[in-house]
Amino acid sequence: MSPLCSTSSIYTPPSRLNPLLFYLPFWYSPQNCLLQHGKCEDLDGLNSAYDIWLASRASSDSKELLVPGAMRPLTIRNARLAYRLLQTYTSGLLKRLYSGHPNRTMFMISAQLARSLFPAFRGYSQALIIDEIHLQFASGSFKWLKLLRLAGSELARRYLESLFDSYAVHNENIVMDSAKFLVEYQQLQQRVHLDCPTLTDPSTRDLLHESDLFARSFNGNGFGSLSPLDVLQICSLVVEILSHMFLILSVTRSYTHIYVLLLSLCSTFFPLILPHSLLTLSSQHRLNDPSTPDPRETHADNKRERMRSMAFSDSYRPEVHLFGLQDWILSNWASAWRTVHESEAAQHPWQFSFATGLTTLSGFFRTVQNVPFLLLLQSSSTSLGSLSLYRSSIHSVIYNTRSLATMIKMAFQSVFLMAAWCASTELKPKLRPEHQDKIKYQSALGGGISIQARHLSYTYPGCSEPALKDVSFTLHAGETLAIVGYNGSGKSTLANIILRIVDFDKGSLMVNGHDLRRYDPNEYHQHLSAVLQGFSKFNSTVKENVGIGSVANMASKDTIESALELARAQGIVDSLPRGLQTILESPAFGSISYVGRVPTAAQTHGLSMGEWQRIAIARAFMRAADANVDLLVFDEPTSSLDAKAQSEIFDTIHSLSRYPRRRTVIFITHQLSIARRADRIAMMENGSISEFGSHDQLVALNGGYAALFQQSL
Ligand SMILES: Nc1ncnc2c1ncn2[C@@H]1O[C@H](COP(=O)(O)OP(=O)(O)OP(=O)(O)O)[C@@H](O)[C@H]1O
């Protein structure tokens, strides 16, 4: 691959940018002008990559943060932020990325720079051949041997060049593959360790979005951003431009006055800075800053995406047909599409006239660029080779300068994506306690866990009403608690807090006499098993769907089969075409556009809701086989099962709470005939526990539980 080719692969307009804007240099917008936001701001307080990244999203004239992925305007403030980031993080990041192959990395950098000189050499060598042919034509005597020697050495040069190119590309791929692996691995590592509260934080989500864009830039899918390797190409472009300018100077030096040459070169660069000058002068023709999102457009854009996903997603398809949503989807999509395009058109009302003007001016500047060429023509001693060299070099300078302007603009954005990446690697899961606060989990004497909740309250992020209000109760180790109540009363929220999936805002929660917040969630989770209300349906084999309950025992067919047996799910497996190896069809999977090895319909098998529930219960039982498990939590585990199956499953849960050791069990159910089996029942209403006690105590109270129980009879 030649340097020019490698440049052109990056020289693709980012899909969301107007192609015209793409060809304009990065300082085209007056709102983005360095001088416009030149106020000096104290950036000393910004110490971490996160702080600087966040500051880059705040525009100086708007209180709103830029949407994640939005281009940062080139202001003095942002330039200072970028400089701080480059200073602090680049060398560490590059060292980490390319530490796998330090020698190859050095070779890659040297080769990249050497390859940028090839086009100039090529032009020079071609000029020599043209001159020789021209000379021989003019003199009338053909020296075939000389011509063949020239052609031969040109072919040999090209052959060596392509050999060098292909080895350089091979080397580059090795270095890039190792960098890609590192980036993707760290990305996965970071994701799997982040807990739900961390991931629901809007600022963290934005950070991860930009960090993902940075990771994607390594695969060439950076949507207009550059990977650190691509940034290296900026240096190559500079070298390439300089080598061509050297050729232009050497060709024209003897025939052209230096001022004429300078005029010609200026005319090459002038169209690139022209838009800025014109726009600054003409205040009535201001372009809107593309980095400031129009809320109406953003809303319409989101709506368009929602409609598109409803149209494409297999998981929505039944409802789309059931409720006859086809026309509704189409009309909503069309109106959202129109809104987005009207908004875009309003933002750039005069681009076409501007483009036309620019085209006309470009024609004029091309003529100016030709002045030295015309002067060269005038000279009787000018060779054809130098004329061709001049023309090819001047075109390369124009083309590469434009590429350079675009790449610098993209590189500027990439610095902030790099900051997001660096900051994301430093994210700490919110539920993980500080090292000095951490205590080791210890089971209660005799097994199970004791729970003491005092005045627990919790409000979901972005909600005004708390989901849990002032919840207090005590559960002794080895007891069974049934949580009952109306929809939305906070049952699952309470279970998720006890499971340490979500945190709480106020109050205290003691587990085995210690503050739950002081346990490392990873360690705590090893001592519990659960079926969540929205349990996962993995697009994987039955064996894996059950086996992930206890990864260490996943290879043990006996353990998996006994878990399936306990969940009364063995019959389901027997009816499947490939038994335990049958891949289960997850409803959610159809909605994901997944490029990879997707199993064909013949290999996969769908399950009913009740069958999925049995698989999820088997998964929980698989984990419960571990003697370290002290707590079993079941959030409506049998809601889709028939009465007999429900009773059987709860019999099994009861025996698991006694064998191989005593365990605490918490289950949420709307079946009060099942709830009455529990030692304690918590009746929840409006986020609070309104009644707490045994079935007989609550019936005797004659309150909400008694009423609910009466209704269920
Ligand atoms: N992720 C969430 N974000 C915001 N609010 C939520 C979220 N999950 C639940 N809520 C709200 O919290 C309240 C309690 O919900 P929760 O799921 O705990 O109720 P529940 O008693 O388990 O209901 P159900 O019987 O229907 O399962 C509800 O008002 C619900 O709308």
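Mentor: Two strands pair if DSSP finds at least two bridges between them. A strand is a DSSP run of E with at least two residues, a helix is a run of H or I with at least four, and both are numbered from the N terminus. This is a predicted model: local features need pLDDT of at least 70, side-chain atom pairs count only at pLDDT 80 or more, and totals for chains, interfaces and linings use all residues. Residues are numbered from 1 along each chain as its sequence is written.

Trainee: What makes E11 and strand E12 a pair?

Mentor: E11 and strand E12 (residues 688-693) are joined over 5 bridges in the antiparallel sense.

Trainee: In which sense does E11 pair with strand E3?

Mentor: Strand E3 (residues 480-485) pairs with E11 in the parallel sense, over 5 bridges. There, Leu481 stands opposite Arg680 in E11.

Trainee: Why is Phe214 called buried?

Mentor: A residue is buried if 20 or more other C-beta atoms lie within 10 Å of its own, exposed if 12 or fewer, and partly exposed in between, with C-beta atoms placed from the backbone. Phe214 has 25 other C-beta atoms within 10 Å, so it counts as buried. Phe214 sits in helix H9 (residues 202-217). Phe214 and Gly69 are 145 residues apart in sequence and 9.9 Å apart in space, C-alpha to C-alpha.

Trainee: How do you know which class Arg306 belongs to, by its C-beta neighbours?

Mentor: Arg306 has 14 C-beta neighbours inside 10 Å, so it is partly exposed. Arg306 belongs to helix H12 (residues 295-312).

Trainee: Why is strand E9 said to be largely enclosed?

Mentor: In strand E9 (residues 631-635), 5 of the 5 residues are buried, so the rest of the structure largely encloses it. Leu631, Val633 and Asp635 point one way, while Leu632 and Phe634 point the other way. In a regular strand, side chains alternate between the two faces of the sheet.

Trainee: Which strands does E9 pair with?

Mentor: Strand E6 (residues 528-531) pairs with E9 in the parallel sense over 4 bridges. Strand E10 (residues 664-668) also pairs with E9 in the parallel sense, over 5 bridges. Ser529 has Leu632 as its bridge partner in E9, and Leu631 stands opposite Thr664 in E10.

Trainee: What makes a group of residues a nonpolar core?

Mentor: A nonpolar core is a set of buried Ala, Val, Leu, Ile, Met, Phe, Trp, Tyr and Cys residues joined through C-beta atoms within 7 Å. The largest one here has 72 residues, and those with the most contacts inside it include Ile483, Ala618 and Phe621. Helix H23 (residues 609-624) gives the largest share of this core, 9 residues.

Trainee: How do you know where this core lies relative to domain 2 and domain 3?

Mentor: Domain bounds come from an automatic or database domain assignment. Domain 2 (436-527 + 631-653 + 662-713) and domain 3 (534-627) both give residues to the core, so the core lies between them. A second, separate core of 45 residues includes Met176, Phe218, Trp421 and Cys422.

Trainee: How many residues of domain 1 are in contact with domain 2?

Mentor: Two residues are in contact if their C-beta atoms, placed from the backbone, lie within 7 Å. By that rule, 5 residues of domain 1 are in contact with 5 residues of domain 2. The centres of these two domains, taken over C-alpha atoms, are separated by 57 Å.

Trainee: How do the residues of the shell around the ligand divide?

Mentor: The shell holds 3 nonpolar, 8 polar and 1 charged residues. Ala, Val, Leu, Ile, Met, Phe, Trp, Tyr, Cys and Pro count as nonpolar, Asp, Glu, Lys and Arg as charged, and the others, Gly among them, as polar. Among the residues that surround the ligand are Tyr460, Gly488, Lys491 and Gln533. Helix H18 (residues 491-498) gives the largest share of the shell, 3 residues.

How values were computed: Near = placed C-beta within 6 Å.
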